[in-house]
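Subject: Structure handover and notes

Hello,

Here is the structure I promised to pass on. Please open it next to this email and follow along as you read.

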Amino acid sequence: MTFQPNPGDGIVINGTAYTVGQHPAAPGVAYAQAGRQGIVYQLIPVDGEIYQAKALKVFFPKFRIPAMVYQSEHLGSYQEMPGLRVCNREVLTPERNGDLIAEYPDLLYAVIMPWVHGCTWFDVISDQRNIGRSESLMLAKALAAIGSSMEQRGLAHCDLSAPNVMLPFFSEVKLPEGAAAVELVDVEQMYSPKMDRPDVLLAGSPGYAAHRTVHSGLWSAYADRFAGAVIIAEMLGWSDPAIVNRAWGESYFDQHEMQTPCERYFLLKKSLGQRWGSRIADLFGRAWDSQDLSSCPTFGEWLIALSSVSEEEVQEAPPAAAAVEVADTNTQEKPAESPSGSPAEVPAELMESLGIQPGTREVNDNVVSRLFHQARDLEAAGNLSGALEIFRSAYHFVKKDSPLEVELAAAIAGLEKELFPPEDPGKKGLKALLTSRKFMISAAAAIVILAGSALTVNQILAEKAESKQLEAQRLAEQQAKEQAEAARKQQEEEAAKKAEEARKAEEAKKAAEEAKKAEEAKRAEEAAKKAEEARKAKEKAELQAKYERQAKYEAYLTSLEEKKKKQELQEKYDKQAKYEAYLAQLEEKKRKAAQEEAAAKAAAQAEAERKAREQAARAEQLQKQRSQNIVELVALYNKAYNAQVAGNKDRAKNFARQFMTLYNKDAAYNRTVGSMISRRNNLNKFLEDDSFWIPKL
């Protein structure tokens, strides 16, 4: 059963009950958004607030990959980073959600994650919605901060484009405090040095992919730099009506214009230079002219440049040469330091971005704590000068006479003492050392010790001589005792030796007599043995002759029996051979039949696989064609609208007819995509009545 829910349908996932949300622009239609990898449905918790809604992403079969489980577990470690709230993911697996997947097989390896409220940057561009200068700067800063934070961890989104950049800032739903102004979605292709390369790589989105790398696929730590530069430039340019009116359609640039000297590029770069300064325009130019992604500006460079831009509208820029001179002067100026080594006053805009109340030295504890720990990390790594600078910066923002100010002052003093130690007194000369009170006391103590040590040595030597004399006397007495004991033992050993020799002589005499008796007995025994052997030899010869006669007779009988057995065995073997030949013939027939059956099955399977591949190819081709048709339908609608605005009704009708023809080729699919059915109804009314004004969508 396919998963095609209706608004209000209930579903329980991991013990939590949800209802499917209703599309705000299409009553009666489930709130769903189609992407390149799948469809995302809005799930509203039964017991919860609307801002706690979840997104259920159902992947197309090609992207239902089991490794999604490991990937989501790894992405979960990034959910607390700004702009990556969708990394808080749960994957539906057969082990945990078997019953639900059995009912809806499409939910295999689907992902449930937070729903990001608000429109996409794609919606802002498609609607040609002009935004204010402060909003443009705020969105660009937020995106640059997200990209910079990701780059510092070696991460990259790898499909950064207008549809994947959400803007909760424009959400009509009341969000909790601290919600990010910009969020990134579709993070399945995210690059991380700890993750495996995906089986299928996306080549970037039209209007945001650098044409020099689009064919090789995007999956590296630098993958977001070019697309990020284009989106930041779009966000800044969307405060200029001239840029909004020159947009290609669903992105500012047409994909065929990417990294070419086209009119839109020069117009956008000129607008950036006039409205935001030459530094912003130069960063965009560097990205546009880059030969590879690694040579594009980092998001950190964008964030630094954007932090120095004022939200107030600037006057018309001076001539080019003067503008460059002013920009160079501004970039070369350094903030002055006070005589005490503390940094000069920080600009109010930068203080506000750090959470500091303008006009005061008060800052939230998180900012100072972050600076304090960063300085401690540098100090532990041996970078004392860097740690000193950060301590000084943090000292500027703390409350006066607070405990934190005292702690920072002590840390600064300690590092200054370590980096700039006072002059060593030991280097003032040998004379100062010899005349010092400490040296004189030490010398006197050494003399006293040497004098006392001479008396002690003499006493020790006398005691040692006396002890040696006593030891020699004791050794002499001991030797005399040992010699007397040795003489006594020698006499005893000689007496024992004579007694032993007499005993041995007696034993030898007895042994000789016994040997003589044994020899006589042995000779008698040998004579009896020879007589017995002669008798046995005679009996053996007689028996041997008898055995030979018996053996000849038995051999004759055996030969007759063997001839008979051989004849019987030969007949049996012949029958067995015929039977085995028959069985082999049957087995060969079975083997050939099995081979033919296996070949038929293999052919049928190959044919089925070929048909499946053709069907999959047709489905993929149909999806690609449908995506191209959607883009062309939007373009035809915009052309009809622009032609009507320009007063050319015939041209507008021509575009409207082309729209209807292309729409009706696949009307069943087209009516399910976004606001396409609204576009069709508007153009149909216009064809019926050319006085009807086509609304701008």
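Below is what was found in it, from the whole chain down to single residues.

First, the ground rules. This is a predicted model, in which local features need pLDDT of at least 70, side-chain atom pairs count only at pLDDT 80 or more, and totals for chains, interfaces and linings use all residues. Residues are numbered from 1 along each chain as its sequence is written, and side-chain values use heavy atoms, with hydrogens and water left out.

**The whole chain**

The chain has 19 helices and 10 strands. Both are DSSP runs, numbered from the N terminus: helices are H or I with at least four residues, strands are E with at least two. Of the 697 residues in the chain, 32% are buried. Buried means under 20% relative accessible area, exposed means over 50%, and partly exposed is in between (1.4 Å probe, protein chains only).

The accessible surface comes to about 43,800 Å². Carbon and sulfur atoms account for 54% of that surface. Accessible areas come from the Shrake-Rupley method with a 1.4 Å probe; for residues, only the protein chains shown count as cover.

Now the contacts, meaning heavy atoms within 4.5 Å. Take those between residues at least 6 apart in sequence: 65% of them join residues at least 24 apart.

**Buried spots**

Look at helix 8, residues 278–288. Its buried residues are I280, A281, L283, F284, G285, A287 and W288. What do they pack against? Their partners are helix 5 (225–237), helix 7 (263–276) and helix 9 (299–307).

Next, find S251 in the loop between helix 6 and helix 7. S251 counts as buried because its relative accessible area is 3%. Leave aside its neighbours within four places in sequence, and S251 touches I125, P206, G207, Y208 and E234.

**Salt bridges**

How many salt bridges does the structure hold? There are 25. A salt bridge here is a side-chain nitrogen of Lys or Arg within 4 Å of a carboxyl oxygen of Asp or Glu.

- E263 pairs with R246, and their closest N and O atoms are 3.2 Å apart. E263 lies in helix 7 and R246 in the loop between helix 6 (241–245) and helix 7, so the pair ties together parts that are 17 residues apart in sequence. E263 is exposed at 56% relative accessible area, whereas R246 is partly exposed at 32%.
- R535 and E539 meet at 2.8 Å, N to O. Both lie in helix 16, 4 residues apart, which is about one turn of the helix. R535 is partly exposed at 40% relative accessibility, and E539 is partly exposed at 39%.
- D666 bridges to R626, with the closest N and O atoms 2.5 Å apart. D666 sits in the loop between helix 17 (649–665) and helix 18 (667–670) and R626 sits in helix 16, so the pair ties together parts that are 40 residues apart in sequence. D666 is buried, at 15% relative accessible area.
- K57, R89, D186 and E188 are linked in a network of salt bridges.

**Surface patches**

Patches are made of residues with over 30% relative accessible area and no salt bridge; like charges are joined within 9 Å, and nonpolar side chains (Val, Leu, Ile, Met, Phe, Trp, Tyr) within 5 Å.

One patch is negative: E561, E562, E568, E571 and D574 gather there. Lys and Arg count as positive and Asp and Glu as negative, while His and the chain ends are not counted. The place of a charge is NZ of Lys, CZ of Arg, CG of Asp or CD of Glu. E561 belongs to helix 16, residues 437–645. E561 is partly exposed, at 41%.

Another patch is nonpolar. Y553, Y556, L557 and L560 form it, with about 420 Å² of accessible area together. L557 is in helix 16 and is partly exposed, at 39% relative accessibility.

**Two backbone angles**

Most residues other than glycine have a negative phi. N14 is not a glycine, yet its phi is positive, about 55°. N14 is in the loop between strand 1 (10–13) and strand 2 (16–20). Q128 is not a glycine either, and has a positive phi of about 50°. Q128 is in the loop between helix 3 (121–126) and helix 4 (133–152).

Best wishes
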